[in-house]
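I opened my notebook to look up a few things, one entry at a time. Come along and check each one against the picture.

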Amino acid sequence: MRYLPLNENDRAAMLDVVGVKSVDDLFVDVPEAARLDGLIDLPTHMTEAEVDARLTAMAGKNRAAGAGPFFMGGGAYRHHIPASVDHLIQRSEFLTAYTPYQPEISQGTLQVLFEFQTQVAMLTGMDVANASMYDGSTACGEAVLMACRVKRRKKCVLAPGLHPHYAAVTENLCQYLDISLDIHAPAPGKDVDVLNGLDKDIAAIVVQSPNVFGEIIDLEPYAVAAHAVGALLIAVFTEPVALGAIKSPGEMGADIVVGEGQSIGVGLNFGGPYVGLFACRQKLVRQMPGRVCGETVDAQGKRGYVLTLSTREQHIRREKATSNICTNSGLCTVAFSIHMTLLGEAGLRTLAAINHEKACMLADKLTAIDGVELVTDTFFNEFTLRLPKKASDVVGDMVAQNVIGGLHASRLMDGQDDLLIVCATETNSEADMDAFVSALKGALS
Amino acid sequence: MSMNTQGRQTTPDAVSAREHQTVSGNRGLAQTEKLIFEIGTPRRSGVDFPKLKGVKSRLGSMARTDEIGLPGLSEPEAMRHYVRLSQKNYAIDMGVYPLGSCTMKHNPRLNEKMARLPGFADLHPLQPRGTVQGALELMDELSHWICTLTGMPVVAMSPKAGAHGELCGMMAIRAALDAKGAGHKRRVLVPESAHGTNPATAVLCGFSIDTIPANDAGRVDMEALRAKIGDDVAGIMLTNPNTCGLFENDIIEIAELIHGVGGYFYCDGANFNALVGRVRPGDLGIDAMHLNLHKTFSTPHGGGGPGSGPTVLSEALAPFAPVPYVEKQGDGWHLVENADDKSFGRMTAFHGQMGMFTRALSYMLSHGSDGLKQATEDAVLNANYVQASLSGEMSPAFGGICMHEALFSDEFLEGTGVETLDFAKAMIDEGYHPMTMYFPLVVKGAMLIEPTESESKAELDRFIDVMNALAKKAKSGDVAFFKAAPIYAPLRRLDETRAARKPVLRWREETTA
């Protein structure tokens with residue numbers, strides 16, 4: 001077996017040193033009833049070439065996003081990732097290292113984390129960020145738990161534009177902790193009804209911008225309303241590229257900002273692994289979940305980095321920890337940070353501007369079709385259309401023409417059967433857009 | 001002094017062997033590297049874009065006007081920055097990485113290649129079902145391998161890491177108890193040797209923690225356990241093999257005791273790599289167990305993740321599994337995304353760690369049932385070989401046969417002035433990553449060594465020689481040698497107290513040296 005260095009001579013010599021006759025003697029503590037004889041009923045080993053062929057064939061049964069016109073968002077976005085990003089994250093020293101528990105021989109990972117945390121804090125307009133969560137949805141759930149700890153209150157309001165899967169994950173995380181969630185059903189439009197009649201027992205309001213329909217939300221009224229009742233504003237985003245074009249949540253008064261970082265450096269990966277971004281105000285840092293890296297000095301006074309504030313974490317605080325998270329999205333943070341460094345502010349702003357332009361052009365082309373109506377007034381790279389037909393049928397018809405033409409809202413929520421959520425990024429050409437227009441026309445006729 | 005024919009010196013003289021300070025602070029291959037904020041600027045970029053067309057903005061009044069401050073680097077500058085940083089990390093590909101409980105085994109590169117096939121990597125999670133049949137098939141096939149290896153009927157694939165899998169299992173238990181109206185069952189038994197994630201997870205499900213002590217043999221104290229069994233017990237969270245590297249030989253009786261009061265048995269599967277192909281957890285009476293694909297099935301740790309924590313569930317807990325899950329029907333694979341009355345809900349935005357699924361299945365197919373069993377046996381043999389070979393100089397915590405990891409206490413260091421931490425730092429200078437230290441908590445100054453099956457005998461023999469020599473050196477009274485370590489790492493010991501007392505968690509122009 002190509003991955004196992006021991007041979008039969010080694011094994012015999014080693015068993016001798018251990019002082020047992022056979023490898024079976026090493027499993028004597030297993031109750032007899034549970035010892036297996038022979039092999040488990042699964043195929044035996046394969047060569048590298050055989051596995052390669054088998055999985056390549058399986059991959060071939062999928063229609064890769066890049067294999068034709070593709071316009072889907074809804075919490076995961078297709079962007080071009082520079083080749084150097086994937087090359088660098090495959091370096092053994094990043095790929096095959098563990099969590100940096102021994103800082104003297106982990107400064108590579110630690111410095112990247114420190115840079116990552118700073119980049120996330122800058123992007124979101126916050127003071128500090130942690131070293132990542134699993135994805136945007138679990139970051140959202142953890143933010144709600146954090147707000148409840150900070151405020152010692154047990155109620156949160158989830159505004160109607162929050163991605164329904166984020167709301168579901170948050171609801172799941174809160175369900176056994178006596179935290180009540182006021183979840184507003186998703187609907188397009190600038191719904192600020194949520195601001196009326198806020199109680200003083202609310203720990204936080206959770207608002208997503210751009211929201212699940214693509215609408216850009218002014219967070220300031222939410223921040224004012226939340227703060228008026230002593231609550232926090234948790235701002236959520238699913239598309240970090242948007243923050244290169246629109247005001248940061250920090251500038252609009254958010255206290256905690258969480259989101260999905262997948263767009264930068266990570267790729268689609270059929271939903272995972274992704275990277276949850278989590279940032280907050282300095283004064284809240286000791287209630288923040290997850291690992292965090294901090295600056296210090298070594299015995300000779302040289303600058304270096306360590307994992308810190310670990311008394312918040314499960315391996316020290318056990319049942320009193322701020323979260324149960326241990327492994328996070330390590331290598332995805334490295335990918336995010338490298339891609340962001342390659343972009344720089346100028347690159348990020350240009351990337352954002354191109355995304356917005358593509359979306360504007362696409363919206364104009366699609367709304368020129370009879371019966372197609374734009375329901376999002378302001379948007380970044382994602383917008384929602386009302387169709388004269390059931391959107392799920394339309395999506396199916398377009399797939400038959402090799403166009404993945406957006407996401408029917410009914411995949412994520414009830415009662416919005418005629419809504420189609422469409423996304424354009426820098427990866428879409430004008431020819432892709434024209435193919436989309438023609439496929440949509442065909443599907444509607 | 002010897003010279004070659006050009007008159008160039010080919011052997012160093014005594015002077016060049018002396019340690020000296022360079023003018024730059026660099027030391028040959030070990031280069032100092034500033035932060036991106038100190039070397040990049042917001043105007044510089046390593047990405048080119050086409051020209052903007054000048055379309056009218058629809059951002060409304062929300063356009064960003066402030067300076068973000070994000071620095072950029074050109075591609076060659078970025079390559080150097082990250083390559084230099086990478087060289088400050090230890091890695092499995094460099095040498096023995098014997099972190100107990102963490103399972104640092106070889107990461108096959110075929111798996112990396114497979115995960116990057118566009119048919120898997122460039123796939124949106126919400127694409128129409130007909131366009132992702134191969135991905136759903138892969139999830140289904142991996143589920144089959146997992147269920148067969150564990151002897152369990154069902155697996156929830158969506159948990160994103162080990163602790164997330166624990167949460168999945170404990171939420172299924174809570175949901176099952178609620179469905180039975182067992183609102184009084186809120187106490188969860190957790191051995192004191194447990195990973196910290198266990199108690200942290202249980203409280204997220206509204207349970208309280210009751211700690212069970214270990215006996216002198218490093219296992220659950222059965223008498224203490226029996227005394228704690230009662231009608232209010234919701235379940236137990238037990239790691240097997242446990243964090244002392246020992247098989248819990250009373251496990252079947254433990255399961256019966258818990259089931260006897262209507263509770264459920266959660267098994268922390270972090271150490272399943274000691275059992276694959278030799279023992280099926282389903283035969284031990286467990287109700288739920290997470291697998292760490294990033295430990296047992298070799299997906300890379302990546303400096304702290306991403307992980308993947310599929311969680312197997314018994315028939316009793318299966319109805320409460322989270323969404324989404326894959327289901328095979330007549331016309332192919334379907335993804336069930338909406339929770340019914342029983343499912344406890346949704347754990348993540350999408351379907352789990354697909355990138356890790358591909359790698360893990362590639363690993364399983366490569367090994368096959370025969371190779372997986374052999375890997376388990378080699379891992380256990382390697383650990384026992386290390387334990388036997390170090391027991392003369394170091395102090396085995398419990399002795400006897402261990403499973404996949406060997407646990408030592410700091411008894412052999414008593415009176416030397418050298419502590420476990422110092423011993424670990426000295427290993428760094430010798431070219432090794434230290435073992436897990438001060439865990440599990442039940443052993444004083446614990447040193448937990450997990451060699452994994454990836455180490456050759458020759459590599460282990462070198463490691464053993466170094467460890468024994470270090471132990472002798474400590475006992476000989478050379479305290480200064482240990483207290484100074486590490487000397488040959490990129491940095492000397494770091495001040496962790498200072499980092500925690502005055503946290504500097506980001507770069508700012510004014511606060512950084």
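**Entry 1: a starting residue.** I began with A:Ala83, which I found in helix 3 (residues 83-89) of chain A. Helices (H or I, at least four residues) and strands (E, at least two) are DSSP runs, numbered from the N terminus. Is A:Ala83 buried or exposed? A:Ala83 is exposed, because 9 other C-beta atoms lie within 10 Å. For the terms, I noted that a residue is buried with 20 or more other C-beta atoms within 10 Å of its own, exposed with 12 or fewer, and partly exposed in between, the C-beta atoms being placed from the backbone. I also looked up A:His339: A:Ala83 and A:His339 are 256 residues apart in sequence and 9.8 Å apart in space, C-alpha to C-alpha.

**Entry 2: ground rules.** I wrote down that this is a predicted model, where local features need pLDDT of at least 70, side-chain atom pairs count only at pLDDT 80 or more, and totals for chains, interfaces and linings use all residues. Residues are numbered from 1 along each chain as its sequence is written, while chains are lettered from A and ligands numbered from 1 in the order in which they are written.

**Entry 3: chain A as a whole.** I found 12 helices and 13 strands in chain A. The C-alpha trace of chain A spans about 80 × 55 × 50 Å along its principal axes. Chain A has 445 residues, and 62% of them count as buried. Next I looked at contacts, where two residues are in contact if their C-beta atoms, placed from the backbone, lie within 7 Å. Taking contacts in chain A between residues at least 6 apart in sequence, 74% join residues at least 24 apart.

**Entry 4: domains of chain A.** I saw chain A divided into domain 1 (68-81 + 345-444) and domain 2 (83-339); the bounds come from an automatic or database domain assignment. The C-alpha centres of these two domains of chain A lie 27 Å apart. Their contact takes 27 residues from domain 1 of chain A and 28 residues from domain 2 of chain A. On the domain 1 side, the elements giving two or more residues are helix 10, strand 11 (382-386) and strand 13 (419-423) of chain A. Helix 10 of chain A gives the most to that side, with seven residues. By class, that side has 15 nonpolar, eight polar and four charged residues. I noted the classes too: Ala, Val, Leu, Ile, Met, Phe, Trp, Tyr, Cys and Pro count as nonpolar, Asp, Glu, Lys and Arg as charged, and the others, Gly among them, as polar.

**Entry 5: where the chains meet.** I looked up the contact between the chains, and 169 residues of chain A are in contact with 173 residues of chain B. Which helix of chain A gives the most to the side that touches chain B? Helix 10 (residues 330-367) of chain A does, with 22 residues. That side of chain A has 86 nonpolar, 53 polar and 30 charged residues.

**Entry 6: helix 10 of chain A against chain B.** I followed helix 10 of chain A to helix 3 (residues 75-86) of chain B; their axes come within 9 Å and cross at roughly 150°. Axes are lines fitted to C-alpha atoms, for helices over the stretch in contact, and angles run from 0 to 180 degrees between N-to-C directions. Helix 10 of chain A and helix 3 of chain B are therefore roughly antiparallel. Angles under 35 degrees count as roughly parallel, over 145 as roughly antiparallel, 65 to 115 as roughly perpendicular and the rest as oblique. In this pair, A:Ile338, A:Thr341 and A:Leu342 meet B:Glu75, B:Ala78 and B:Tyr82. The contact has four nonpolar, one polar and one charged residues.

**Entry 7: one loop residue.** Last, I looked up A:Tyr176, in the loop between helix 7 (164-174) and strand 3 (180-183) of chain A. A:Tyr176 counts as partly exposed because it has 19 C-beta neighbours inside 10 Å. Leaving aside neighbours within four places in sequence, A:Tyr176 is in contact with B:Arg174, B:Leu204, B:Cys205 and B:Gly206.
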